[in-house]
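These notes are meant for a colleague who is opening this structure for the first time. Please keep the sequence and the model side by side while reading them.

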Amino acid sequence: MNGFTVREHIPSILVATLSSAFGVSLLQVTTNLSILIAADDVTGASGTVQFILAIIAFVFIVIATYVGSIVTANTFATIIAGRTRTIALMRIIGVTAASQRRVVANEGLTVGIIGAISGLVLGTLATAVLIMVSVRTGFIPSLAYTFLEPIVLIPIFGVLLTTWFASRVGSRRVLTVSPMQATGAAIEESQEQAAGHRGRNAVAIVLFAFGTVILGLGVVVGLVSPAGVMIGVLGGILSFTGLVLGAQLVMPPALTLVGRMLGASPSAKLAAQNAVRYPERSSRTTIGLVIGVTLVTMFAVATAGFQQMVDIARANEPAVYEGIDQVLTITVVVFSVLIGFSALIAAVGMVNNLSLSVLQRTRELGLLRALGFTARQLRAMIRAESAQLVIASVLVGFTLGIAYGWAGAQSMLGSMNGSPGLILPVVPLWLLGVVVIVAAVLTVAASIIPARRATRITPIVALAVD
Amino acid sequence: MEITSEDPGLVARVAGLTKSYGSGSTAVTALDNVSVGIRKSEFTAIMGPSGSGKSTLMHIMAGLDSVTSGRVWIGSTDITGLDDTELTMIRRRRVGFVFQSFNLVPTLDIRGNIMLPFELDGRSPSDDDRRWIDELVASLGLAPRMSHRPHELSGGQQQRVAIARALGSRPDLVFADEPTGNLDSRTSREVLSLLATASSSYGQSIAMVTHDPIAASYADRIIFLADGKVIEDRGRSTASDISQYMLGMEQVA
């Protein structure tokens with residue numbers, strides 16, 4: 001009814017597909033790992049290992065689905081913003097806001113179904129290939145591996161429902177569209193309404209403060225007992241939830257700060273303004289990446305911390321800590337890959353958001369071209385916007401990750417045999433390198449399509465009366 | 001009006017200009033062999049009904065659109081074959097724009113919008129430029145608004161900011177595309193007086209596209225277009241004379 005265009009929804013479908021494929025594949029891998037473990041003589045029949053594997057798998061699936069639904073909600077909100085005129089026109093001819101919103105939610109449901117099912121196919125294929133290759137190369141024995149266990153329905157329905165829900169959340173803006181906006185008399189809305197979030201902000205601040213106190217307590221308890229890590233985890237989850245919830249308090253200042261570093265050329269200045277133009281939208285766009293970077297950094301820093309403590313402890317008691325290095329390295333690699341997947345989903349959201357915001361700014365970009373912005377300056381502006389979003393997310397995520405990683409290592413191992421007590425956070429150099437490279441690649445990748453789109457805009461569109 | 005050689009009194013001109021869209025049987029000719037010049041320090045109105053080609057003529061003169069055949073000059077520069085970047089430089093340095101709506105960059109405050117042409121060119125305004133801009137801002141009554149955002153201003157105020165921006169860098173020629181199209185009649189009169197004053201007092205050359213006889217009555221010269229051709233070129237006229245003429249055009253057509 002509003003012109004359901006597949007093209008608009010490709011990013012959402014992609015995000016849903018990625019989340020679903022990730023969940024399906026991860027569960028299939030853990031199920032088959034359990035079969036493998038059960039067949040093993042030594043560890044066989046250990047229910048505990050299977051249970052822990054399942055828990056870990058679910059934690060990562062929840063993270064991926066969560067990031068995915070933030071991205072989808074954001075994409076839908078942006079799509080709605082671009083459809084304001086059409087929606088207003090429908091309102092003028094007598095369509096209710098509620099039914100308009102239902103239309104959007106139905107699109108969300110369709111996107112969810114398509115994404116969930118293609119994710120099932122893709123994820124199963126990935127697992128099958130992985131197992132086939134592993135069996136062929138003799139890495140694992142040939143057993144009766146299974147793929148379509150009922151458990152894979154969980155991520156499928158999870159993705160379907162969260163996508164649907166996210167589209168409903170993202171379509172809230174439909175209700176604020178006034179029929180007047182179809183007449184062209186209304187001035188282009190320049191600021192999204194930031195009001196009405198005072199309650200949410202208060203909850204966010206309380207959660208963050210409370211969580212940080214508990215996290216600190218965990219570190220202190222960790223000096224005498226490894227149980228400190230349990231307190232630390234609780235504090236970490238609370239404070240991080242507070243941060244995610246209060247993203248619109250944290251990200252705009254970070255974006256502004258990074259924007260200042262971009263320089264004073266006209267394209268950089270405009271880019272700096274654009275990135276904080278809709279504080280909520282940019283907070284939602286960046287928070288997914290912040291979550292990814294935080295988690296990866298946290299694991300890397302925690303592991304480096306472990307390593308350092310272990311090294312010191314080993315010097316004191318060599319026999320206890322034999323062979324632990326390899327285990328730590330494998331753990332951090334596996335975890336980074338699993339979390340990296342959420343970061344990938346967040347990156348899709350970022351590319352998409354930048355693309356849509358270029359589409360929605362057609363007239364403004366045309367105006368800049370008419371006033372003397374060269375195509376090159378316009379491209380530089382879009383790239384600077386992209387850099388600003390990426391750098392701000394990476395910096396915030398990196399800082400948080402170091403803090404959480406340090407607290408994790410400290411609270412878990414502060415009391416172990418031969419431990420030095422309090423240590424400084426250890427930031428592995430390779431992590432810095434990876435973060436810089438990923439940020440650079442993402443900045444360029446996220447801006448290629450939007451920049452090309454922007455330079456195709458002719459200045460005449462700015463003069464056109466729509 | 002025949003334009004053959006360079007004429008120092010013309011700030012922009014086109015010769016043998018034809019513009020058509022599409023090809024074959026679906027081709028539409030927006031401008032058909034038009035030759036016309038805009039005189040220096042004059043306020044020129046380009047009038048005509050919808051589809052007469054007046055907007056296309058302005059787009060081409062301003063270096064925004066390409067020609068099918070013919071030549072276009074800004075001052076003594078032939079801009080017909082220039083590439084996108086060269087045309088951008090012409091727009092940046094020698095041309096100013098006032099549009100019907102959506103004139104301002106929403107993320108910049110009023111000062112930022114007015115100074116944008118200087119920013120884009122990477123030069124800071126000279127003392128002389130500053131004096132001129134201060135004078136403009138004062139005479140347009142924008143002084144208390146300088147740190148506001150465009151959405152905090154009324155339509156008329158926004159249009160005045162656009163005028164300040166267009167006049168600020170003292171371009172060779174200011175193009176105004178239906179500058180009063182979105183304004184009420186009182187605000188329209190203010191905006192038109194401003195444009196007329198800029199031309200009469202400061203010698204600013206202005207070309208305004210309009211279909212409103214009252215708007216055109218503020219101009220020193222009126223060029224009428226119909227079906228892609230210049231059909232009349234006359235000096236200052238009253239709104240009622242212009243209306244009469246346009247009604248006559250309709251009846252002939």
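The numbered points below go through the chains, their sheets and helices, and the contact between them.

1. This is a predicted model, in which local features need pLDDT of at least 70 and side-chain atom pairs count only at pLDDT 80 or more, while totals for chains, interfaces and linings use all residues. Residues are numbered from 1 along each chain as its sequence is written, and chains are lettered from A and ligands numbered from 1 in the order in which they are written.

2. Chain A has 15 helices and 0 strands, where helices (H or I, at least four residues) and strands (E, at least two) are DSSP runs numbered from the N terminus. Of its 466 residues, 48% count as buried; a residue is buried if 20 or more other C-beta atoms lie within 10 Å of its own, exposed if 12 or fewer, and partly exposed in between, with C-beta atoms placed from the backbone. Among the contacts in chain A with a separation of 6 or more, 88% join residues 24 or more positions apart, a contact being a pair of residues whose C-beta atoms, placed from the backbone, lie within 7 Å.

3. Helix H4 of chain A, residues 97–136, has 40 residues and should span 58 Å at 1.5 Å a residue, which agrees with the 58 Å between its end C-alpha atoms; the expected span is 1.5 Å times one less than the number of residues. After H4(A) comes Gly138(A), with a positive phi near 75°.

4. In chain B, an open sheet of 4 strands runs in the order S2-S1-S4-S5 with antiparallel pairing, two strands being paired if DSSP finds at least two bridges between them. Its edge strands are S2 (28–39) and S5 (77–78) of chain B, each of which pairs on one side only. Strand S1 (residues 10–21) of chain B and S2(B) pair over 8 bridges in the antiparallel sense. In this pairing Lys19(B) stands opposite Leu31(B) of S2(B), and Ser20(B) stands opposite Thr29(B) of S2(B). The two strands S1(B) and S2(B) form a hairpin with 6 residues between them, and Gly22(B) in the turn has a positive phi of about 75°.

5. Another open sheet of chain B is formed by 6 strands in the order S6-S7-S8-S3-S9-S10, with mixed pairing. Strands S6 (95–98) and S10 (229–235) of chain B stand at the edges with a single partner strand each, so one side of each has no neighbour in the sheet. The twist from one strand to the next averages 20°. S9 (residues 221–226) of chain B runs antiparallel to S10(B), joined to it by 6 bridges, and Ile222(B) has Arg234(B) as its bridge partner in S10(B).

6. Which strands does helix H1 (residues 54–61) of chain B lie across? H1(B) lies across S1, S2 and S4 (69–74) of chain B, at about 120° to S1(B), and also across S3 (43–47), S7 (173–177), S8 and S9 of chain B, at about 150° to S8(B). These angles run from 0 to 180 degrees between N-to-C directions, the axes being lines fitted to C-alpha atoms, for helices over the stretch in contact. Helix H6(B) lies across S3, S7 and S8 of chain B, at about 155° to S8(B).

7. Is Gln204(B) buried or exposed? Gln204(B), in the loop between helix H6 (185–202) and strand S8 (206–210) of chain B, counts as buried because it has 22 C-beta neighbours inside 10 Å. Leaving aside neighbours within four places in sequence, Gln204(B) is in contact with Leu167(B), Val174(B), Ala198(B) and Ser199(B). Leu167(B) is 37 residues from Gln204(B) in sequence and 7.9 Å from it in space, C-alpha to C-alpha.

8. Helix H3 (residues 110–120) of chain B is mostly covered, with 9 of its 11 residues buried. Its buried residues are covered by elements including H9 and H12 of chain A, together with helices H2 (84–94), H4 (127–139) and H5 (155–168) of chain B.

9. The contact between the chains takes 23 residues from chain A and 25 residues from chain B. On the side of chain A that touches chain B, the elements giving two or more residues are helices H9 (266–275), H12 (362–371) and H15 (460–463) of chain A, and H12(A) gives the largest share, 6 residues.

How values were computed. Contact = placed C-beta atoms within 7 Å.
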